[in-house]
Every structure is written in structure tokens, then in C-alpha cells.
Amino acid sequence: MPDFYDDDARLTRPRIVALALSAALVALLSLIILTAPGDLERLNLVARERLTESGVANPVTAVLLNFRGYDTLLEVAVLLLAVIGIWSMARYARVWIKVPDTPVLAAFVRLVLPLMVLVSGYLLWLGADAPGGAFQGGAVLGGMGILWIAAAVWLPDFQFQRFARVMLVLGLIAFVGASTLLLALEGSFMEYPAGEAKNWILVIESAAMISIGMTLMMLFVGGIPRLNEGTV
Amino acid sequence: MLLDIAVVILIFAASFFFLAGTVGVLRLPDTFTRLHALTKADNAGLLLIAIAAALKADSWEVIVKLVIIWGLVIIASSTVAHLIGRATLQNGQTPWEKPS
Amino acid sequence: MPQDLAFWLPVVIAVPLMAAVLAFLLPRAAFPISLGAALITSGLVCWAALAAVNAGPATHTVGGWSAPLGIDLVLDGLSGLLLVLTAIIGLAITVYAHGYFQPGDDLVKQHQYNFFWPLWMFLWASLNALFLSADVFNLYVTLELLGFSAVALTALAGKPTVLKAAMRYLMVSLSGSLFYLMGVVFLYAQFGTLDIRLLSAASAETPTLLASAALITTGLIMKSALFPLHFWLPPAHANAAAPVSALLSALVVKGSLYIVLRLWLEVFYPLADTVAPQVLSVLGVGAVLWGSLQAMQQPRLKLLIAYSTVAQLGYMFLLMPILLKNRDDSTALAATMSFVFAHAVAKAAAFLSAGSILHALKDDRLTALSGLMKKMPVTTAAFAMAGISLIALPPSAGFLAKYQMLQSALTNGYWGLVFVVIGGGLLAAVYIMRVLGPAFKKVEPYGAESTSKAVHVPLVMSIPTLALALLAIVISFMGVYLLELLAVGTPWVLKGGL
Amino acid sequence: MNLILTVDVILVVIMLVTAWLALTARDLQRAVILFIALGLLVSLAWVRLQAPDVAMAEAAVGAGLTGALLISTLNSMRELQKKKTSEVTPPADASPTPQEANHA
Amino acid sequence: MNDSAALYAVAGVILFGMGIYALVAYPHLLRKILGMNVMGIGVFAVFVALAYRGPDQPPDPVPHALVITGIVVAVCATGLGLTLATRLKALTGVAQLTPDQED
Amino acid sequence: MTWENSLPLLIVLTSLVPGVVIFFLKESTVGVRTTLNMFGAVAKLVLIAVMINGLLNETTYETRLPFLPGIDFVLRADTLSILFCILSAVLWLVTTIYAIGYLEHSPNRSRFFGFFSLCVSSTMGIALAGNLMTFLIFYELLTICTYPLVVHKGDEKALRGGRTYLIYTLVGGGALLLAVIWMYAIAGPIEFRDGGAIDAIVEGARGPLTVIYFLFIAAFGVKSAIVPLHGWLPRAMVAPAPVSALLHAVAVVKAGAFGIVRVTYDLFGIDVANDLGVLTPLMIATSLTIIVGSVLAIFQDDIKKRLAYSTVSQVSYIALGVALFGPLGSIGGIMHLVHQGVMKITLFFGAGSFDETLGVTKISQMDGIGRRMPLTMAAFTVGALGMIGVPPTAGFITKWFLGTGAIEANSHWVIGVLILSSLLNAGYFLPILYRAWFKPQKGDWPSEHDFGGRFETFWMLLLPPVVTGVFSILLGLFANLPVGLLYWVRLIVLREYEL
Amino acid sequence: MTLVYQIAVIFLLLNIGAGLIRILRGPTPADRLLAVQLFGTTGTAILILLSMEADNDAYKNVALAFALLSGILGVAFARYGQAPRPTSTPAKEG
């Protein structure tokens, strides 16, 4: 069977069985989820009541970085782990480097890159009060990285690799470091001192954003950033 | 009230441009012509909607944001259109000509 | 304050996590960093376990936000036991891996060596985080951490077969996590909280709870490779590098198993009278039989051990109906957890010996193992001790566990399980003897003074292997202490309070 | 009169159709692009459900970066396929130069 | 649950089911990864739908935060999976999980 | 831990520790190994002597460690355990000497002696076990440790024999495990006690208790080779002669027989067992075994095989004695525990020496061997006569008590069994003796080995059979000494019957 | 007023739905890319409309992210998505 078409799109017997089973599962789960109490306040009220204590005005950011900041810490760890995992599997960059034969792309990148840095910073800053934050800002930074590679502004080499390593771990180090420091100071992991939560959150978020951006870029690179002759 | 009417008209016009773009993408015969229809129509449509939103905006911040959004889209789509056009040409496809 | 047990709980997670970061940042110093972290973590965990026995369970409120809003870390008997288990095996594997991956001039090996350490430290951190977490969503994140590090470690060996196995593993792990997450969503829909103790207090038999239990259990038994969802396990465990195989079989599958136990004990207990626990038990029986039969037919040592894992995982689900029937009575839980402990130690020892054999002979087909006793006496002895524990002959940890299982099954009138456990032991004897039988074959003509061709296995490899193997025997005399630890505040809803 | 439920229904229908097409499309490239479209639609859905934070993350990460990843992976695979059909062994496992190894 | 929320919740469950189907029924790894992502979207949809409390009430922020976490995990998983798939393609020439042959 | 509390543990450790140390010794360090072995054996004997002295003064020796909630790990000395201890310790010492001689120059001796010592430790543990759990642990440990000894030669035949041995014993072990757990489930965490741990049958538990008893008998029946569970024993004959001696006389077979004694007397209690009505089936099974074993023995040409079937038959005398409800029968059975050990080990030593010195493994090759190796053959003859039950050998004492016991128990048919078996014994032993002493040598010996020295064979191969042969006679002649065997066994039986 | 926005949103959504046909038809990667562009632009417009409909300025941030990322997607696709599919059918695999 050719590799790029699952040409065999016919409904074979196993597929029909799988389809029927999935449909049954869907039907059951749909029925059940509709019976769930609809008027339950769940954690909504609690979270909103204590929003003022969290140091930020955006409840999602408050949950992400304060109430359930520990989840986010592990999340940042997942990001780093994904890159380490990829690097351990692929010893060379996967991306296909080809210098573009038109100046338009470079011009575009020159125009857009500063804008993206600005936007990512803006989203981070905004995160405290409105939708936005480290993940979204980081995603924009990651996009910038992809653009960078796509326009062949940067070729993966090992000077860059060292820089990348530091950037990758920055967020997790900041997160764990700050949390441990707070453990020593306040007696509880990641418990921000009263009134200073916002500053701590911003510092952690900034570091995390850089790491997230670098991580997403490295996911795209798909291997240790160095060129192998003939790497695709 | 007048503002609202203007907004309605703008949105209506924008919808027309979007429709044109979509019809173009669907009906035109080859990549180049479709590219042409899409970029023109959609960017114009988005511009109109952005203007409508700007009319309703409460602060300058929002207007700046709208400008940036529109600017980004237009730069990106023109760059991409350029890249696509080049690539398509290089792939050996020739622009469609009206059959005589 | 620092004397307080609860204070130290996040440190148990932070130390290996930081070690992972540093090992990644400074590849040259990766081993010393990891070894240091391993020592600190193990020491801390053992101290914490002792302290918990004396002072009872401990709760750390992360960020100062207690449940329902925040996430709590809870150390009780069940989690403490698994933490200690991880610490023991982790320490041994840390030392072993240093010998196993020793790069020399080989660049590919250098690559493996460099990346083993951060991945392994991540794995350890995620296990600790998983065992300590009292929040169902937090458990999801730790499961993902665990899954990613396990997959990456599996793939480290780099051969096509192992990549394929890792891919299969990743698929199962991810879809299992998604099933789990869907179950969590259902729990949240019904009860409006994510904290296990609050869920426990609110739990009631509703369709949503049933759906959630089904989703979560399905997801987790995929990850735990319970028959018939075990298909991914043997290739992954058999083809990974030996220290990784040991980690996967001994610890990683226990992570999801732990969540199954925890959630059934704390949250899904209203479903104890439904058919669900029976189904799990029957699947366990299937696993014991199928895994053992497969292990009897495998041509390679590591595949054999991997199928043995499939079989042994079955035992851990056998007692589910008894476990849930009367949660006050902890004998079934004690039996299951003793088994988890025993299996982990023995299986780690078995895989590590298999690794030494592979290292020395470059071949682990059973036909190549004739006269092994002569060539590699220490390794063979270690494997034999592990095997004894897997067969559950006394005096070994496996015996202790199976004894408790039988007792629990018998006093509750589950005669079928009694025969499965005893029969399973005999089946295990058959496949273990497939290895140990030929090991005693003579290599030289009998009577001629031996021209010993013992193969060299470095001490950093043989000592941890032997230590774990000895432990697999000696634990049977420490059973009381383990059970004392296990009795600390499990299950929460009955003993720990809110 | 409020048409918001109509919006939701249309959005959901298009989402489901896109998802189904993405999963069953014969050509993988088509599948990937449909998946990106799905990401964008889902992002709209999040906005409809008053979850702009999630929508932003979905648009940026779920659609944007995942899409880019999928596209480039598909590309790599096709390059590999071409190499394979033209009987060139994949070089991805070639040994690195000593200098590189030092930096590994 | 209000109508919109119910609609999206059911849509989420359907997406979940579609993802499972694709995961099980199709051999190509890229499609399996797509299936997994669709499954994830389904779960998130149910979760976000739960949080929605009608146009006039503020939504529950906790599921939002959790879904953001989930999205990031999903992209990491995708990255990992795609790398593995590419390596497999490079080494075996097939991006499918063919049965193992004893080597 | 006090001296009294640690003594039983020390007795186990005196062979366990040397055993473990020996594993790590190089093959060539014969001196250290021998010293360790000898030191362990002597130390064990001394400790047992101390313990006998203490027991006579009513001291209790008990090691108790926590094992599981409610169940301890208990090693305790009582009169019965001391009997088995001293038998094993003495015979271990003798066998060790023999084994050193026998295995001189053969490979893997560290491994051999290591497992050998572990075997004896397990036997000690079985003897001293104070409850079922402890018994079970050592019983299975014995299985594990004997396997490497059985397959010691490492050829295809040895491996096959080892496999058979394992299959039998592991299945038996499974039955034992089930019986133990069931017992605990019914009766709680009981420990062995003189006169039985179960005072009376709980109503409703009669059925389960009967089943449990037969499970025990089945489990022990495997090791003590009760027909039809004896299949492993002849096949395990591939092991080196000292191992056969160990299997047949000291450890494995004896452990099974001892288990039957223990369970019947100290777990169920003879009265309860009688009440359950399980003794008669046991009597029938053992009688059958005695006859069948003897009959099969007649058809064997291989010396060791013939001895093996002889063991099948002889060991069942012990269980038969137990099954005869009454003190006299019990005395006979328990005494045979010792007698059979001493006599059978003599025979195996003899057989091993013939093999090692002359290469003789078949009875048809034994013509005239009495003249070539008179001392060894004399010992062999004593053993054989003892087996037949000729006075004044030890075997006669056994049969005497068994016979009177049968009369006491009103099971007169057992006397018939005894007579028949004695005839059969004579039938398969007397031809050997005739060949050895009265037939002329036929050609050369299969492979003669010259050890030099003044004796007919290497002195380490000669001394043990002579010593045990002498013992066999002494045990018969002086059975009735004040502190002799009979005195001790009477003491045991009195306690068991609570007279 | 909301009704106007809603109708416009519905209209644009239907546009997107129609655009799916182009993705399905292809035939070249470039044509598919076009459709993606269409989606990006239309999606941005829908977001702006939704923002007005719900009277929530925060949604415009989503539109911003949308615009940025659809641009990046376009470039990535243009650069990496155009590799022609292998023409020859590889030998039977397995």
C-alpha cells in the first residue's frame, strides 16, 4: 500500500466494527454527559471569590499560575521533557533547510519579527488582567522561531544549540527555583507572599514564556539543532 | 443610530467581498486566478469589518489592535500569495488563458 | 518547621526535577548530578516513610491554596510504599545504568548516555509527583510526564524494532491519558471538584460516576497493560535498553496501577457491587494465563521476562472485588501492594541480569544461555533469586505477597482465585526454568578441571543487580514493616479524614 | 430573535464534518490541512463558549504550531519516500563528526 | 446545561469517538496522531462546554486553565509522535506499525 | 536476644553462613572450604548437644521473629525436632567427608558444597520450625537448594531428572501452600504443639479438615515418595552419590516423612486425626507403597535405582507407624526415621564407592566385589541386612515395634504387609550380597581407579560407610540404653499421646 | 444589532464551509493553501464580529493571535508543504 494514501478507504469489516463501537461509545457518553447537573457551580464561585487574593485579575491566569500553579509547573516540565525526548530520538534537525530564492520572504520576516516580539510581550503583560499569558505569548514566540527557520534566517548549528539549551530550561528553573525559595520562605511550595503575588507571577511567566517559545520552535526543528548533510 | 447603520452597511459590503472571494476560490479555473480572487476579496472584506469594529470601538487601543490585525493579514497573505505563485510557476503550471 | 514531614513532600519532587534540568544542561556532569539526586531523594523518601509510620499521613498544600481550589500533596501508606519502592529500585538502576551505557568511543552510545540521565530523572520526578498527588487533573499531568519520559527512554536504544515499540507505546499511553482525562471531565461535571478526598466524600452511584469509572479504568489499564490491552508491552519492554526495561516493568506500569487502586478505593467505591471489579479480576486471570503461556514460548530472555510482566500484572487486579467489598479490611490491599512491591524488585533484578547477560554474551536467545551458571555465576544467581520471587517460592517477597493473596481469597471464599494464584506460580516456574534449566548445563566435559571462561561484567552492574535480587528474597522477612507503612491512613476517606 | 444557537449549530456541524473529512481523507496532505481548518474552527467555538484564553491557545498552539509541525513532517516523509524510491539509503543515522560529538 | 453547552458537549463526545475510530482503523502513523489530536479536542470541548454558563454569567475559569494545560500537552505529544514517526520512516521506510520480525 | 532465644537460629545459621561464604570461594581453595564445612558441621553438633542438655532440664529454646501480622517466624526446639536435627547433623558431617572425597577433582565444587550446606540448613529449619509458615518456608527452600545438586552433572540426563524432580516437588509445594493457608483460614494462626494444635474438631469443619489433611499427605507424599507420587525419586538418581545419600537419607525424603509426623502429631494431634478417620487411608497408602516399592526394586539392575525403589518402600514405614493409632506403632515409625537414614546412607555410600573406585554401577557387575573392597562391602551388607530387618540391626527394632503396634491397633493385616515386604527386601538384597561375596570376579572392573594408599579405596570414601554401618548395628544393639534413641522416642510418643 | 452580527457570522461560517470543497478538490497543494488562507482571513473576521456581538474586546486578542498564526501557517506551508508527492509507487511493504 503506498505510504501517502490510505487509499484503502473502503469500509472493511474491522473498520465497520470499530465505527460501530465508537458510535455506541459516543451515544452512551452523550446520554450520560447530558444527565450531569447543569446548574452546579463547581469551582467557579470559589475561584472568583478568591480572585482578589491571587494578585491577578484574569481568573484563568489566577488558576494557571496561582491556585493551580503546580499543574503549570509540571506543564513546563512536560514541555522541556518533550524537547529532551525529541533530541534523544533524533540526533539531527528534521526541518528541511532551503534558502528562499525570493527576497520577499526575508522582507516579510524583517517586518513581522519585531511585531511578534511586541505582541508576545503584550500578551504576557495582558495575561494578568485579560485573556493572554505565558502560553499564548510563548506560542507567538514559537511562531517567530518557525518563521525564522522557514525564511532560512537561521540555520541550525551547535552554537545555537547551547543558547537553545539555556533558553529551554529557563522556565522550569525559574518555576522550580522560585517555588523552592518560597517553600523556604513561606513554608509552602509556591506560596506567594501576600500582596507580592503579581510580581512573582510575572517573573515566572516571563521565563516560562521564553522557554515555551523555544520549546515550540524545537518541536518544529524535530531533532538536535545541527545540520546533517542530507537531512530532510 | 447613524453609526449603527454605517456598521450594518460595512458588514454587508464585507460579506459581499467574502462571498466573492469564496466563489472565486471555488469557481475560477486555475491556481493563479483563484489566488487573485482570494487575496483581493478577503483583504477588502476584512478591512471593511475592521473599520466597522473600529467605529464601534471604545478606545484607541482597540483601534490600534485592529490596524495591526489587518496589517498582519495583508502582509502575510501577500507574501504567501507571492510564494505560492512562484512555486506554482516553478512546478511548471502555466497561467490559465481564456480558451479562444 | 523543617522537621515537619509535610514540608519535605515537594522536595521529593523538586530534587529529581532539578537534577533532570541540570543533567540536560550539563551533559558532562550528568551522572554525578543524577547520582547525587538519587541519593538525596532516596534518603529523603526513606526518612519520610519512617516519619509517616510514626506520625501518620502528611498533607502539603501547594501554594497555600487548599482543596478544592488548590492542589494537595498527600503522603500516606499507599503512596509512601510506592515512593520507597521507587527509591530503592531507582538507586540501583542509577548505578547500573552508569555501567550499562558506558560510552567509550562510540558516539551513538555517548548520545544514549547523555540523554538517559535527564530522561530518567524526569521519570523519577514524575513518579514521585504521581504518587503524592491528591488531585485527579494533576494526576493527568504527571501521567503525561511519566508517559513521555518512558517512551523517550524506550526509544533510546534506537533500533527500528524499538522505535516501533516506542511508537506503539506512545499511542497507547496518549490515548490512555485521553480516556483518563475524559473520565476526569465527567467527574468534574458531576461533582464539581478535582480533589480526590472531596470527590470521595461526595461520591455516589450515578451514571456519570459509572461512565467516569469506565473511562478512567480503561485508560489506565491500557497504560498498565492489563490483558487484553497488553499488546504493546512485550515489544517495548523487551527491546529497550536493560535498565530502561527494568524501569518500565518495575515502576512505570505501577504508576497507572496506583491510580486505578487509589481511585477505586477513594472515589469509585459506590460501584463496588457492580460487575466492574469482577471484570477487572477476570481480566487479571486472563493476564496470568495468557502471559504465562506466552512467556513459555518466547525465544529470547528479555521477551520472556516481558511476557512474565504481562502475567504478573494480572495478579495485581485479581483481588479487586475483595478489595472493594470491605474497605475497612485492608488485607486484600496489603496483598496487592505486597505483590506490587515484590514484583517490582524481582522484575527489576531479572531485567538487570538479562542486561548483564546481553552485555556479556551479546545474545539473549535462550539457546545461548547453556552453562550460564558457569560463565556468569553472580548474574545467574541474581536471576535465579528474582525467578524464585516470581514463582513465589518461599522465602521470597513474591511468596509473601501470594500468601497474603491466597489468604485473602480464601477467607472471602474466592476459590477460583486460589487456584489461579497457585497455578500461576507453577506456570511461572515453567518459564523461569526454561532459563535456569540450561544454565546448569555443563560447558566442559564433566570431570575436567574448569578452564573458567567467566565473562566480565563490571561491578557497577553486578552489584545493583545482586542487591535487588537479594532484596527480592529478604523482603519476605521485612513484610511486617511494609505492611505497617501501608496501614498509614489508607484509604483516606476512612482513615485519613479530610 | 436570537440566532446564536443557529451560529452554534452551524459551527458544530462544520466542525464535525471537517473532523470527519480530516480523519478519513485519502490524501494525507488533505487530511492535515483539514485538521488545521478544524483547529481554527474549534478556536471559534471556544470564543463562542466565552473562553478567549483557550481560544488563543488553541489558535496559536493547536492550529498554528501543530499545523506547521504536521506540514513539515509530511514534507520530511515525502522527501524520505523520494529518496527511498531512488534507492538512496537514509543518512539520518550517519555518525556525527567528532567536533559535533563534543557538543552533544 | 444550557442548549449551547449541551451542543458543544455532545460535539466533543462525537469528536472523541471519531478520534478513537481513526486511531484504531487507519494504519498510517500521521493519521493516528491526527486521531489522537481530534480525541483531545473532543475532551477539551466537553470540558469547556461544562464551564459555559450561558451568555450572561461568567464562565468557570478552572476548566479553561486545565484545557490550556491540555492543549500544550497535546502539542508536545504531537511533536514527540511526529519525530518518532519520521525516524521510523527513515529507518524502515514505512510510517506504519508493521508487525515485528524477529531480528 | 538471649542465648536461649537465638540458639535455634544459630543452629540453622551454622550451615547457612558457611554455605553462602562457600559460593564466593574460588574453586581451588580446597582448604578453606573444607575447614568451613567441617567447622560448620561440628559447631552444629555442639550446639545441638547443648540444646539436648537444656531440653532435658526443661529449658525452652525458641526464636521468634515477626513475619506477617498474626503469623511469626518461629524456630523452636522440642523432642521431635531434636531427633531430626541430630540425625541430619551427624549424617551431614559424615556425608560432607564423603563428598569431599567423592568430588575430588570434579568441577563446580564451590557451588556443590554451597548448595549442600544450604540443603542442610533447610533441613534444620524444617526440623525446628515451630509453625506451619516456618515449616513451609524451609520446605520449599529445600526444594530450591536440592535442584542444583540433582542437576550437578549438567548433562542432558541430569537436567531431565532435575526437571522431573522440580515438577513433582513444586506441584507438591502448591498443595502444601494451599493446605497451610486453608488451615490458617480455619483454625487461625496456630503453632505446632505436642499432642496437636487443634483440640477438637469444630463442627462443620470436619470436611475441610479432612481435605486439608489429605492435601498435607499429598504434599509430603511427593517428597517422601509415596506411591504414586514417587516418580521423581528414581530419576533423580543421576545426581552424584553424596547427593543421593543426602536426598534419601538426610534431607528430602526425610523432610517429607518428618512433615507427615509433624502434621499428624503436632498439628492435628493423633486423637483428632483418628477421629477424622484419616489414618486408615494413610495406612493403606503406605502399605501399598511398601509393597509396590519393593516389587519395583527387584527389577532394577542399576544399583542406585534399586536402592531408590528400596527407599520408596522403606520411608513409608515411617508414615505407616504414624498411621497405626497407638504408642507402639508411633515408636516404630519415629525410630525408623533415624534407622532408615543411617542404613540407607550406608548403602548409598557403598554404591558411590563402588562406582568411584571400580566404575561399578550395575548389580550384574558386582560379582566378587566383596573380595576387592571387603570393608565397604561389609558396611553395605550391614545396611542391606538392616533393611531386611535381620536382628540385631536397627531395622529389626523398627519392624518389631511396627508389628506390635499393628497388633495394638487391631490392624493385623499390617503384619502381613511387614512380612511380605521383608521377604521382598530379602529378595532384592540377598542376590546382591550373594554376588558380592560368593561369586568370582568376571573379568576386569569397568574402570578401576587407583587412589594409592593402604586402603581398598580413598580413605574419605571408606570411613563414612564404615562409620554409618557401625551405627546401624549399634542402634540395634543398644536401643534400650538410658539416654538412647528408644528412650528419646518414648519421650516423644508419651508427649504426643499425652500419657 | 447583535442579530446583524450573528447573521454575518453565520454567513461567514457558510463561506468557510464552502471553502472546504476547495480543500477536498485540490488539486495542487497550492490550492489547498489558498483555502487555508481563506480560512484564516474569514476566521479573523468572524472573531472580530463575535467580539462585537458579545461586546468583549478581549476576543480581539484572539483575532490578533489568529492573524499572526495563520500568517505563519501560510509561510510554513508555502515553504514546506509543496513537496510533490512521490510519483512512483514503492514496492510492496511489510
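Modeller: Start with one term. Buried means under 20% relative accessible area, exposed means over 50%, and partly exposed lies in between (1.4 Å probe, protein chains only). This is a predicted model: local features need pLDDT of at least 70, side-chain atom pairs count only at pLDDT 80 or more, and totals for chains, interfaces and linings use all residues. Residues are numbered from 1 along each chain as its sequence is written, chains are lettered from A and ligands numbered from 1 in the order in which they are written, and side-chain values use heavy atoms, with hydrogens and water left out.

Colleague: Is Glu58(F) buried or exposed?

Modeller: Glu58(F) has 65% relative accessibility, so it counts as exposed. Its phi is positive, about 65°, although Glu58(F) is not a glycine.

Colleague: What phi do most residues have?

Modeller: Most residues other than glycine have a negative phi, and most peptide bonds are trans. Ala225(C) also has a positive phi, near 60°. Ala225(C) has 0% relative accessibility, so it counts as buried.

Colleague: Where is Ala225(C) found?

Modeller: Ala225(C) is in the loop between helix H8 (207-224) and helix H9 (233-239) of chain C. Helices (H or I, at least four residues) and strands (E, at least two) are DSSP runs, numbered from the N terminus. Glu58(F) sits in the loop between helix H2 (30-56) and strand E1 (62-68) of chain F.

Colleague: Which residues does a cis peptide bond join in chain C?

Modeller: Pro394(C) and Pro395(C), with omega about -5°. Pro395(C) lies in the loop between helices H16 (377-391) and H17 (397-411) of chain C. In chain F, a cis peptide bond joins Val227(F) and Pro228(F), with omega about 10°.

Colleague: How are two packed helices described?

Modeller: By the angle between their axes and the distance between the axes. Take H2 (residues 28-48) of chain D and H2 (residues 29-51) of chain E: their axes come within 11 Å and cross at roughly 10°. H2(D) and H2(E) are therefore roughly parallel. Angles under 35 degrees count as roughly parallel, over 145 as roughly antiparallel, 65 to 115 as roughly perpendicular and the rest as oblique.

Colleague: Which residues make the contact?

Modeller: Contact means heavy atoms within 4.5 Å. Among them are Phe35(D) and Trp46(D) of H2(D), and Arg31(E), Asn37(E) and Phe44(E) of H2(E).

Colleague: How many residues of H10(F) are buried?

Modeller: In H10(F), 17 of its 17 residues are buried. H10(F) also has a kink of about 30°, centred on Arg262(F). Gly269(F), with a positive phi near 90°, follows H10(F).

Methods
Axes are lines fitted to C-alpha atoms, for helices over the stretch in contact, and angles run from 0 to 180 degrees between N-to-C directions. The bend at a residue is the angle between axes fitted to the seven residues ending there and the seven starting there.
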